[in-house]
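Please look over the sequence and the model below before reading on. The paragraphs that follow lead from the whole chain to its RNA-facing surface and then to a few backbone details.

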Amino acid sequence: MIKKPAAKAAPVAAPEETTKKKIKTPQVIRGMRDILPEDEPYWRHAYETAQRVADAYGFSRIETPIVEPEELFVRSVGKASDIVEKEMYSFQDSDGDKICLRPEVTASLCRAYIANGMFAKPQPQKLWVWGPMFRHDRPQAGRYRQFYQADFEIIGNASPIVDAQVILLTWTFFKELGINAEIRINSIGSPEDRTRYKMELVQWYRTRKKELCENCLKRLVKNPLRLLDCKEAGCRALRADAPQILDWLSAPSKAHFMAVLEYLDELEIPYFLDPFIVRGLDYYTHTVFEFVANDADDSKAQIALCGGGRYDLLVEQLGGKPTAACGVAPGIDRAVLAMKAQNVVPPAQPKPQIFVAQLGEQGRRRAIALYEKLRQAGFVLTEAFSKESLKTQLDSANEKGVPFVLLVGQREVMDNTVIIRDMESGNQEVVDYHKIVSEMKKKV
RNA sequence: GUGGCUAUGGUGUAGUGGUAGCACAAGGGCUUGUGGAGCCCUUUGUACGGGUUCGAUCCCCGUUAGCCACCCCA
């Protein structure tokens, strides 16, 4: 950049004013955001932990497209669900195909499972995905229109131990992230169990209509299960005596759920039975659960860190063979928020050990080569080649906490040497340029 | 999708119906060969569009965005 002379010019006629028109800067789309370098340590921590945990429990990473046929989610998540009904980014491409940005990824994984013939491989298949999801919701803290999920699925087995394995993985994931979370778990049984329970619930509430809030009167007709998580004091009091779904499960459903809990007990994983968890996606059956951050801050509504459960009918619904499955989707944006709220310090990145400083054009030419030579030898380096002042460069090295500065100026180029400066003590020594790698290996 | 609150340089903030200070950050300098301190200089702003007014950053309306609650959910 060319700097104007420091000398202050007296009253300058300002011809610039005409060129000073404001250009509108394109704005980030509502509900979307840039994740900045300041936050990168948290995101990296999350990704590396997900990767490590996935490896430890035998999950294979797969990647599915962000764009999918709209139909996929209409048939899985449910036509009447909020997600499909009002939150999907759906549009027609130039071929007239109805496509959408994925609002979640479980259905995509099932699609991939079927399409790639994974049912012919050893069962169950353990798969995991990481990536952005899209829902056109009203943005709020911890809620974005583009948000990130890790997603772990075990497809191809109906045993309750699979449910427990999924929960164990999730438990480990949050623990290794450093997040204190608690588990809320419930079973919504088979579709038949649920239908029976719903009828019972509606009947029970009908006789108590007078005690319900306005909102709940609507729920009674539209979505009776939602009656259970109303926040009005009156409704909450009422709920305590309402029939609970666990009492309406069939014997096999109940046995399945009890087995899951027993595995968790064996693992000494604490959980809260929450008879009021009702998932908003149609495909869930039997075990459903979520993790909630254990924050001290009660002033804010608790947001779920993840949602998960069993979905034994989904693969078949999408045209595959009957295939039981269970999975979980931790929300990464929320995990990052929880890490910050709980003062988790993400692991530090490797710090540069050597700063390469230069002086003069010849020195600079030598310096860039020296940097490359040391990088190839495996050192972590840093520099400020675009600066000229040595002071500025040392300042920068100091700020970054680099222990050694290598200095190459005119003189050193002539002598074929390099100055090694120990930033701690301030001591300097001159070494042969060709011996610098072995010399630095001794020091670092 | 509904309602409430908010909007001042990159960040955090002050202030006023007569067009803005401060701190930090950033950039440059204090003999183009030496950092951690200090000093000097510089850049950058009233979200956008209207209205009221002689005059608006301040008052009003709209838009946009963020936050909060609801809805829902990760």
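What percentage of the 444 residues in chain A is made up of buried residues? Buried residues account for 34% of them, where a residue is buried if 20 or more other C-beta atoms lie within 10 Å of its own, exposed if 12 or fewer, and partly exposed in between, with C-beta atoms placed from the backbone. The model is a predicted one, in which local features need pLDDT of at least 70 and side-chain atom pairs count only at pLDDT 80 or more, while totals for chains, interfaces and linings use all residues. Residues are numbered from 1 along each chain as its sequence is written, and chains are lettered from A and ligands numbered from 1 in the order in which they are written.

Chain A contains 15 helices and 16 strands, taken as DSSP runs (helices H or I of at least four residues, strands E of at least two) and numbered from the N terminus. Its C-alpha trace spans about 95 × 60 × 50 Å along the principal axes. The radius of gyration of chain A is 30 Å, whereas a compact globule of 444 residues would have one near 22 Å; the radius is taken over C-alpha atoms, and the globule rule is 2.2 Å times the number of residues to the power 0.38. An automatic or database domain assignment divides chain A into domain 1 (37-190 + 250-341) and domain 2 (354-443), and the centres of these two domains, taken over C-alpha atoms, are separated by 50 Å.

Around RNA strand B there are 53 residues, of which Arg30, Ala141, Gly280, Leu394 and Arg411 come nearest; a residue is near a strand if its C-beta atom, placed from the backbone, lies within 6 Å of it. Helix α13 gives the most to this surface, with six residues, and the elements that each supply at least two residues include β6 (146-155), β10 (304-310) and α14 (410-415).

Some backbone details deserve a separate look. Gln123 and Pro124 are joined by a cis peptide bond with omega of about -5°, and Pro124 lies in the loop between α4 (106-115) and β5 (125-134). His286, in strand β9 (residues 285-293), has a positive phi near 55° although it is not glycine; His286 is buried because 25 other C-beta atoms lie within 10 Å. Asn343, in the loop between α11 and β12 (354-358), likewise has a positive phi near 55°, but Asn343 counts as exposed because it has 7 C-beta neighbours inside 10 Å.
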